[in-house]
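Subject: Structure handover

Hello,

Here is the structure for your files. My notes on it follow below.

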Amino acid sequence: MPTSWNIQWAPRARQLRAALWAPGVAATAAAAALLLGSLTPVAAAPPVPGSDWGSQGSMVSDSSATVTWDNTSNAPDSRVPRGGTQTLRHTAGKTYDDVDQRLRDAASRAFGSGNGRGGLSLTVSQTKNLQNQSVTVSFTGADPQAGSNGASTSYLQVFQCWGKPGADKKPDPAATEPDPSTCQFGATGLDGDISNTAHQRSLLNDPLVRGGDWEAADPASPAMNLPAPFAPVSGDETRITDGFNLSEYRNPYFSRTSTNEFSRFLSSEQGAGSRTFEVQSGAEASGLGCGYRPDAPSVAKCWLVAVPRTAAIDAILPAGPLAPSLWAMRVQVPLNFQDVAAVCPSDQAATLSVGSEALTVAMKSWIPAVCETKKFTLGFSPLADLQARTQLQQPGSLAFTTQPASAGIGALYVPTALAGVVIAMTIDNACTAAFTPYTLADCGYQDKADWEADKARSAGQVRDLKLNARLLAKLLTQSYVQHTAPASALDAPFTKPGNTAYGQPMTYSIQNDPEFRKLNPKGLGSSGNLNPPVVEGLRSDAAAAVWDWLLNDKDARAFLNGCPDSSGMSINPFYSTRTYTECQDQAAELDKLAAQKISGTTMPDGFTYARQSYPSEGASYPQVYWAQRAATRNSDGSVDQPALTVGDQYARVQDMAAAAQNTVRAQPASTTSWCADCSPPAYKAVPRQGYGSRNILSITDAASAAKFQLPTAQLCNGDGSLCVGANSKSLQAAAAQFEATGIPGVLRAATVPDYATAYPLALPVYGAVNLASISQSQAATYAQLFSYVSTEGQKTGFSSGMLPPGYAPLTEPLLQLAAAGIQTLQGVPGPRQPEAATTALLPMESVSSGNPPAVAPLAQAVPAAAAVVPAAPPAAAPVAAAAPMPGRTAATRSAWPQYTLVIGLAAALASAAAAPLLARGRRK
Amino acid sequence: MIRPLSKRRTVPAVLGILLSVGMVFAGLAPAQAANYLRIGGSGSSWAGNALQDWIARVGAQGVTVDYENKGSSTGRKEFADQMKQFAVSEIPYTGDTADPRDNSMPGFSYGMLPVVAGGTAFMYNLKTGSSRMTSLKLSQPAIAKIFTGQATRWNDPIITADNPGVALPDATINVVVRSDGSGATAQFTLWLLRQFPADYAKLCAVTGCDPQHATSFFPTNPGLKNFVAQNGSQGVTTYTANNQYTINYDEYSYAQGIGFPAAQVKNAAGFYTLPTEHAVAVALTKANINQDKGSPNYLSQDLSAVYGYKDPRSYPMSAYSYMIIPTQTTNAMNAAQGATLGFFANYALCEGQRPMGQLGYSPLPMNLVLAGMEQIRKIPGVDQETVRKMDQTRDSVSGGSAPACNNPTFKPGDSPSANQLVRTAPFDKACDAACQVPWRGAEAALNQGPAGATTSAGPEAATTTAEAADQTPGAAAQADAAAGPASCDADSGACTAAGAGAANAAGAAQQLTPVTTTLVSSRGWGQPQNLLLIIGGLVGLLVLVPPLAAGALSRRARSKGGTKA
């Protein structure tokens with residue numbers, strides 16, 4: 001296992017913490033910490049930005065850094081001299097001046113300040129207090145070096161390095177530049193090609209390697225075809241012959257699935273580009289160990305390195321960017337990480353909880369801090385809210401949900417987070433890619449200045465998409481021709497573009513929809529497809545909130561009921577309720593057309609047509625399998641490729657986190673790519689979309705979107721006069737307008753959204769506790785958790801323990817509800833019944849209880865009022881009263897003994913501390 | 001002052017150390033997980049929800065594990081091809097439960113360990129009138145007929161027989177199967193092959209599959225008209241949720257995640273059960289575990305005796321899911337990655353089992369947890385910390401003390417083969433005291449496997465040792481069903497009326513199992529005892545340290561005074 005050294009150029013906070021353990025102070029401080037376990041950590045992190053997340057996707061920070069290729073005004077540790085003062089490591093002392101003249105000229109021509117565009121300038125949006133997160137890496141001023149087809153050939157290779165080993169192989173804290181051997185590169189990134197030597201750790205034919213230690217390390221190897229070794233932060237020796245560049249999966253430290261490298265970050269024709277880069281801490285990139293931790297090899301300061309290249313450079317030296325001649329061309333930015341949060345011992349029994357996936361991101365931040373300050377491990381298993389609510393019937397359980405459980409359960413609801421559901425997107429903006437004679441007309445710019453401004457703001461991506469409820473309803477119901485796959489016009493004639501046989505033809509795509517154009521006069525700047533949103537399969541309250549919003553919107557509801565919009569576009573009839581409630585005067589005619597469309601469609605075997613109803617009682621986002629691409633058959637009649645269904649075309653992903661992941665990776669959720677070479681042949685996931693032509697929408701939670709800095713759609717009212725994006729302010733405004741549900745203490749989003757200020761898809765998440773079955777110690781534990789969550793846990797920031805971007809801090813009324821709930825929990829009296837162990841066993845539902853899971857009617861009679869403590873052991877829990885709960889009794893929950901221990905320790909310490917005083921006193 | 005520690009400083013320093021040690025033992029102090037390398041695996045989507053939970057929770061420990069639900073076949077292939085550090089699969093590489101079409105074999109030594117138990121649920125989408133039907137009951141023969149394309153209408157007599165009084169629609173059954181190679185399919189077709197070989201043969205006659213072997217790829221080619229294949233657990237679940245008249249097979253957690261009902265399956269005792277953690281635990285006491293330590297399939301399962309088990313609480317389609325691990329370093333895994341894998345596997349077996357019931361799985365019994373941990377020790381590079389935890393678990397089990405991973409199947413002091421979920425599994429209302437007797441008592445329903453009961457001491461000991469079932473698979477279980485003490489026959493449906501009637505009458509009342517309550521601490525040495533010991537020690541310190549410290553200080557003061565003077 002890793003050696004135990006680490007680096008000590010720690011910030012003050014760390015030294016302070018180390019000092020605490022110095023003899024003398026140690027015992028007292030520890031005792032104090034023990035006794036006052038709820039005190040905040042000694043070293044409070046400095047205030048960090050992170051509250052300005054929003055629909056644009058980007059977040060500002062106070063630590064963005066810009067560096068230029070010519071080093072004009074670069075900070076000292078970002079300076080890479082283009083001359084003899086840049087010594088190249090692993091080359092036996094050679095310098096930049098030893099690099100092939102042609103390479104130096106080509107690089108200077110493309111990236112130097114004399115290139116006519118001001119020279120390459122690279123900006124990293126945040127460089128301090130980093131953890132595993134996304135930052136925006138953007139550049140301008142490169143010469144695109146257009147190839148024969150007019151496309152840019154300039155590109156950057158961007159990757160993360162841990163620094164420079166000192167003479168003792170430990171990280172050198174004084175390093176002013178990273179060593180190429182410490183870089184996570186060569187597994188080929190999302191945009192890479194494993195067979196391209198330029199995307200590997202290849203040192204191919206770089207003459208500078210000669211005589212250096214890399215060559216000496218493996219004299220047997222053909223000297224000109226070495227891969228650059230990888231030096232992990234642990235100091236472990238890795239032999240070059242381990243094949244570090246050749247097969248991604250043989251590298252134990254990083255692989256194609258885990259790496260964050262960009263193999264080919266292509267410049268636009270304007271010499272610019274912008275991408276989201278995943279910064280990895282030691283947990284994600286164990287070979288780098290970024291983020292200080294006291295017990296393992298780690299570094300607080302890592303580096304982001306970008307090696308700029310062009311076709312001309314590649315023609316001279318097609319090696320990887322770690323080859324000294326190419327490495328010499330790099331720009332570099334230090335990345336300062338926050339300390340890695342301590343975690344609870346993994347063998348400590350966790351306090352289990354289940355529930356809302358909208359809380360996943362916050363939980364990741366809170367759990368280590370809860371351990372540190374409240375001294376218990378919280379285990380959180382995201383489940384469908386629906387399923388989580390049924391868990392409330394288990395004694396003592398803690399579930400997180402948005403909607404309340406049935407009143408009979410008598411749960412206590414404590415507000416824990418203000419989350420949001422968003423429509424996240426990764427859409428490359430073709431409009432800003434190039435200014436052509438058609439740009440003004442196609443993209444709706446007033447003039448070139450308008451275009452320039454948009455380009456500067458959007459950094460190549462669509463960041464100001466506006467949707468209303470009806471447009472989302474259209475996207476979710478396969479109502480555009482482009483979205484009717486896998487139906488063919490042969491099988492479903494009404495989907496044929498321009499077909500007037502069924503009344504008004506289907507609208508081809510969202511970009512042809514006048515309603516969309518009105519909201520988005522600049523369009524998407526792309527004639528490409530825009531798929532229906534990637535959505536989850538889980539039955540979450542987030543999905544329910546989306547449908548509530550649609551159904552409370554009269555236009556969207558009318559559309560779902562079969563009524564056409566103002567331009568005459570109507571729903572795909574298979575998704576229609578065909579009730580025409582909002583357009584009764586046309587009902588007969590509309591229904592006739594719908595019936596014709598349906599009868600004219602060749603439906604798949606086994607498909608039974610039924611009118612839809614909303615919200616769907618069956619699925620988070622209903623999917624009608626009304627069409628398929630028929631199986632293709634071999635000459636002998638056997639099936640070659642099986643039928644392709646709607647579910648293959650628009651597959652559901654597991655949860656909202658996966659939807660966000662698909663969006664940032666530009667991975668459509670379609671398994672329609674036939675793999676004939678597979679054994680057996682099968683449909684597989686389609687490839688990711690290439691940079692420049694990405695267009696993915698998804699419905700996810702605001703925190704998952706913010707984690708990847710994804711832009712999100714603004715939601716507009718019916719006439720488009722008011723639009724509001726999800727951000728901290730609009731979620732809080734929505735919370736101010738929350739309405740009561742039938743359950744005390746539980747609020748829900750307003751039925752009529754105020755689009756001026758309030759984001760319609762705000763999602764309160766409650767921690768729900770079944771008061772009837774909770775024990776005193778459980779109640780105390782939960783009260784501790786909620787008191788953390790409603791105080792420290794509501795402070796916005798990137799640091800562990802804080803409220804991550806994508807949530808709004810709880811508003812004052814919600815905080816009051818939380819405080820009342822905590823008080824209730826603190827007042828829970830001792831066990832009112834033989835306390836069931838945490839894994840209390842419930843009777844299995846009998847055959848008669850039916851299904852979905854029906855559970856024993858525990859505690860029907862408990863008052864539901866949030867702040868009311870049942871004064872007496874309620875006559876509830878009749879079942880438990882009738883028969884003692886089976887299984888273990890309270891496994892002598894260790895609360896008391898632990899406190900005894902603490903008190904004993906404290907007393908021992910106090911006497912130890914007093915002893916010297918006593919001794920001193922006696923001496924006098 | 002800054003130089004070597006003076007004695008005066010030593011005392012508090014030592015105390016500080018003692019204190020921090022105490023804190024760690026008391027489980028109070030945050031600590032850092034070791035710096036584990038990131039690892040990845042792929043495979044079973046049947047167990048995917050469990051894996052996702054473990055990964056999220058070790059993520060909170062600062063350990064990164066990647067997992068892709070690509071299906072067991074792909075998982076085994078990627079593991080064999082040394083692309084991933086581990087695989088998760090319901091079936092082994094070799095033996096009669098393996099699929100001959102999965103032809104990739106690891107070229108290195110490997111082992112299997114069970115990681116979670118679960119039930120293959122039959123989720124369905126049926127409406128009677130305008131309301132969703134939620135109480136569909138199916139006999140095992142009916143399931144066999146449905147999934148071999150012989151019963152194609154919902155109102156087929158074989159289905160209506162188990163659902164008296166229910167107006168089942170006169171509609172085609174839309175059977176949804178997995179299109180990708182999956183362990184769920186392998187286990188399901190194995191059940192067909194063993195329990196209903198004639199039906200399986202008919203399926204194979206139509207689709208061209210091998211009637212002698214189960215398969216990971218559900219045979220539908222060249223096309224059973226009313227079958228549709230969908231990709232992955234997510235695909236079959238979404239399809240079923242969105243299409244009426246459908247039925248599929250997959251792990252129970254998927255139906256629960258989408259809020260859909262699963263069919264109550266009639267077990268060999270004639271009772272209808274759902275794959276709850278209890279019913280699965282009861283059934284798997286009959287899983288015959290491979291105990292040949294020399295076999296690569298060591299710990300793999302033979303479920304032949306599970307299918308026909310006549311405990312009234314048993315869910316017949318229960319199974320274990322396995323993690324497949326390398327037991328030597330490979331191109332995919334060095335020792336440092338092995339340390340991560342050991343940590344992760346131990347986490348899954350220990351703390352990871354606790355929420356399994358809530359997710360729709362069933363926690364592993366303690367004897368398999370222990371056997372699995374022995375497998376983990378074979379992972380190259382497994383570190384001291386993980387070994388220490390496994391030692392602690394082993395010792396706490398044999399010593400009868402907590403924590404033993406807080407595994408809900410285990411009661412300290414009890415045999416690790418005795419699954420508390422089985423002991424506390426409730427009986428159906430219709431199963432009266434006499435009906436329950438054979439399934440109660442300390443010796444009833446012990447889990448098999450290493451350190452477990454070698455022979456079942458239950459009422460079926462005579463008829464259903466796993467070996468016997470093995471030799472005459474289908475027949476054994478059926479003969480068993482006819483001969484056993486329980487009241488109903490699995491196949492004839494003779495008891496349907498009784499069972500169903502009683503079930504209907506049961507209403508909201510639930511029969512609870514009056515199990516004797518035993519204090520944890522009343523047997524053997526437990527955590528409280530440990531704590532008391534520590535406290536005692538600390539009180540001792542309280543008494544001894546001050547005088548000693550004072551003595552030390554006064555000596556020091558004297559000598560100091562001496563030098564000054």
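In what follows, a contact means heavy atoms within 4.5 Å. Helices (H or I, at least four residues) and strands (E, at least two) are DSSP runs, numbered from the N terminus. This is a predicted model, in which local features need pLDDT of at least 70 and side-chain atom pairs count only at pLDDT 80 or more, while totals for chains, interfaces and linings use all residues. Residues are numbered from 1 along each chain as its sequence is written, chains are lettered from A and ligands numbered from 1 in the order in which they are written, and side-chain values use heavy atoms, with hydrogens and water left out.

Helix α8 of chain B (residues 232-242)

Buried means under 20% relative accessible area, exposed over 50%, and partly exposed in between (1.4 Å probe, protein chains only). For α8(B), 11 of the 11 residues are buried, so the helix is largely enclosed by the rest of the structure. Among the buried residues are B:Q234, B:Y239 and B:N242. Their cover includes the chain B strands β5 (124-125), β9 (174-178), β10 (227-230), β11 (246-248) and β12 (250-251), as well as helix α9 (252-257).

Helices α12 and α15 of chain B

Axes are lines fitted to C-alpha atoms, for helices over the stretch in contact, and angles run from 0 to 180 degrees between N-to-C directions. Helix α12(B) (residues 335-349) packs against α15(B) (residues 384-398) at about 25°, with the axes 9 Å apart. The pair is therefore roughly parallel (angles under 35 degrees; over 145 is roughly antiparallel, 65 to 115 roughly perpendicular, the rest oblique). On the α12(B) side the contact is made by B:G342, B:F343 and B:N346, and on the α15(B) side by B:T386, B:K389 and B:M390.

B:D302

This residue, B:D302, sits in strand β16 (residues 301-302) of chain B. B:D302 is buried, at 12% relative accessible area.

Chain totals

Accessible areas come from the Shrake-Rupley method with a 1.4 Å probe; for residues, only the protein chains shown count as cover.

- Chain A has 24 helices and 26 strands; of its 924 residues, 60% are buried. Its accessible surface is about 33,100 Å², 55% of it from carbon and sulfur atoms.
- Chain B has 21 helices and 17 strands; of its 565 residues, 63% are buried. Chain B exposes about 18,400 Å², 58% of it from carbon and sulfur atoms.

Regards
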